[in-house]
Amino acid sequence: MTGLLILFIYVALFAGTYFAIRTVRAAMQPAADFNSLKTVTFGDESAVRADRAASVVSLVVVFLVWGAFTGSKLVPVHVPGPFVGYTSFTYTSTNDAGQTSDATVNVLVHETGAKVDTPDAPAATGFAQGDAATVAAWRSVLIRAHRNDGDGAKTTAVEGQAIAPGETVKVPNGSVTMTAKGSLNFSPNPGLQMEPIWMPPPEDVVSRLVEIASNGYQNAALFEHVGWSLWRVFAGFVLGTLIGVPLGYAMGLSGWARGWFDPIVEFMRPVPPLALIPLVIIWFGIGENGKVVLLFLAALWVMIIAARAGVSGVNITKVQAAYSLGASKWQVLRHVIVPNSLPEIFTGARVAMGVCWGTVVAAELVAAEKGAGKMIVAASKFQATDIVIMGIVIIGLIGFGIDILMRRAETILVPWKGRS
Amino acid sequence: MGALSINDVSMRFDLPDGSHVQALQDVGLELKQGELLSVLGPSGCGKSTLLNILAGFLAPTAGQVSLNGNTVTGPSAERGMVFQKGALFEWMSVRHNVEFGPRMKGMPEVERNTIVENLLDTVGLRAFKDKAVYELSGGMQQRVALARCLANDPDVILMDEPLGALDALTREKMQGLVLDLWKKTGKTIILITHSVDEALLLGERLLVMAPRPGRIFKEYRLPFADRAVGADLRAVKEDPLFGETKKEILEMIWEMEEEIMGASES
């Protein structure tokens, strides 16, 4: 229910803000750059630019929806929350003699974790005695209403509606279900907001971040967790590059080497690194060695293929030109083949870094002392959803940061990419 | 220096289906130092194969090529190449491209700098010395390619449609430049082209090749290249002899093309 509602609101905001911003823009001075003057834009991919206003609104909407459905204090509008406060419902008791009597149950619904006193049970008017109970929001409470109504008394109706075991009756601020043994199970209205143990509000995640950044989690500071993950990725990636690039060059330059390594590379390439985790644990254990070996394997095939593609991609006229200018084989390799393959190798390095970052988190989920993945899997075991979400956000931001850094390095180090 | 002799060169290779291709048959030619030879022919006549054999990228199945009496066995700095396009090194600036040959030989930087300065002056690219080659237009890139080839001071320059990728106006300017460089340096030049005008204008000697098997069909000796050096190229083209020869060659090539079409249809 809540999921469908969120989807509906999200789609409505997507369309609504589009029309709102379009109206605002139409009222302003029209843009006159080259793309705005194109009349054929639908189907012309080059005319499609990411609308930055949409990106900003999109992020705001994510936080609004998140906050609205978790009762965040940062967000002004909320969907209805769970019922909290005093409520009561009546039930009808029938004794052996067939007599009926009504009584009232007072229930205090309180916030999770609050200490409250049980309210007074209302005075009885017949043989049925009133009851009282407390329950936390989103929870339910079992009320044995017929127990104190005398021998043989049974609950036969709630709020005037007949009830039998297994049936549910709506009562003010909640619903009552009869159990197999004839007791009443009261569930207060949950509202549409999510419980913090499933989805904490944004400010909880932020305060967790502040807390863990200063105090650490599971005997390690936040930067230690992240640092260990980054170190493993770096070590595996560097090893994979140091071995993979020369192998890729060999495969691009020698038919024997290509024939020799082709079956191995082509077989290992489609094997997801995660499938290697069990074997790596058997061989190297769950320590650092195993993780670095796993990441080395994750990076290796990508880098071999990138280096091989880089060599294959060299325009034959460049090589012939270099030989005609008197270059030796070694000079052709050093001055033509290596620089020509760098753009491909950088593309491969970006892919390899992405694969390594994904693999390290998965490897830490399986077994680790410290690491970003270890942090979220430990938190999930205590249902600390706020830490899990914080960890996911941090992992995402770091992965994004790595890719941005690699792209920066690419534009600085291989400015000729795509210019031949 | 620069005397090239091609002795009965043949090139025949097997295809996967068991048949053979006779790309060249008994091609013989003597070229003196400082001669400019242009080669024309329909596609498939083996002119690129011939150039690759001269450059040393392909070994002929019969006959041999020798330069100054030494048999050609592989690529070497004494036979420079200018390609149609894509042969410049994008990761190097204009000056590093030009000095590539001397640098590979281990020439000291001071000497290399003098060579680069002189050549960039000659091709009119002095101001672009430190630009990346991908920032230059197609015509400028071919100027760099010419300068790079000359920097190595080769005995023979082999040009594989060097102006083929340029627009008509740039091409005309570059034809003038090629003629200037030829006169100035006295290099032996072999130029492969698809343009009859270009072959007539630049070629002191002109070779028309025929396909199936690739062979020399007819050779001309022409006066236009000498006249065109430093002169108005369009005026040279107005000579009646230029027009007549052009017509004759075009008809020759047309007939060859028609034969090929007929052969493939039957």
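This is a predicted model: local features need pLDDT of at least 70, side-chain atom pairs count only at pLDDT 80 or more; totals for chains, interfaces and linings use all residues.

**Around a cysteine**

I started at A:C356, which touches A:V233, A:G236, A:F237, A:L295, A:A298 and A:A299, leaving out residues up to four places away in sequence. By contact I mean two C-beta atoms, placed from the backbone, within 7 Å. Residues are numbered from 1 along each chain as its sequence is written, with chains lettered from A and ligands numbered from 1 in the order in which they are written.

**Cores**

Which residues have the most contacts inside the largest nonpolar core? I found A:L295, A:A299, A:C356 and B:I190, in a core of 136 residues. Helix α7 of chain A (residues 288-312) gives the most to this core, 16 residues. I also noted a second, separate core of 21 residues, which includes A:F89, A:A103, A:A137 and A:I163.

My working terms: a nonpolar core is a set of buried Ala, Val, Leu, Ile, Met, Phe, Trp, Tyr and Cys residues joined through C-beta atoms within 7 Å. Buried takes 20 or more other C-beta atoms within 10 Å of a residue's own, exposed 12 or fewer, and partly exposed is in between, with C-beta atoms placed from the backbone. Helices (H or I, at least four residues) and strands (E, at least two) are DSSP runs, numbered from the N terminus.

**The sheet in chain A**

Next I traced an open sheet of five strands in chain A, in the order β3-β2-β1-β5-β6, with mixed pairing. Strands count as paired if DSSP finds at least two bridges between them. β3 (131-136) and β6 (161-162) of chain A are the edge strands, each with a single partner, so one side of each has no neighbour in the sheet. Strands β1 (residues 85-94) and β2 (residues 100-110) of chain A pair in the antiparallel sense over ten bridges. In that pair, A:G85 stands opposite A:V109 of β2(A).

**Strand β9 of chain B**

Is strand β9 (residues 205-210) of chain B mostly covered or mostly open? Mostly covered: five of its six residues are buried. I checked both of these partners. Strand β3 (residues 36-40) of chain B pairs with β9(B) in the parallel sense over four bridges, and there B:V39 stands opposite B:L207. Strand β10 (residues 215-221) of chain B pairs with β9(B) in the antiparallel sense over six bridges, and there B:E219 is the bridge partner of B:L207. The β9(B)-β10(B) hairpin has four residues between the strands, and B:R212 takes a positive phi near 55° in it.

After α10(A) comes A:Q383, with a positive phi near 55°.

Helix α1 (residues 47-55) of chain B has eight of its nine residues buried, among them B:K47 and B:N52. B:G56 follows α1(B) and has a positive phi near 95°.

**Where the chains meet**

How many residues of each chain are in contact with the other? I get 16 from chain A and 21 from chain B. On the chain A side, α8(A) (316-324) and α9(A) each supply at least two residues, and α8(A) has the largest share, six.

**One alanine in chain B**

B:A228 lies in helix α8 (residues 224-228) of chain B. Why do I call B:A228 buried? Because 22 other C-beta atoms lie within 10 Å. B:A228 touches B:L179, B:L201, B:L233 and B:V236, again not counting residues up to four places away in sequence.

**From the record**

An unreviewed UniProt entry lists "transmembrane region" at residues 230-250, 270-286, 293-311 and 387-406 of chain A; such annotations may be inferred rather than shown by experiment. I looked at two of these spans. Residues 270-286 of chain A are 71% helix and 0% strand, while residues 293-311 of chain A are 100% helix, with end C-alpha atoms 27 Å apart.
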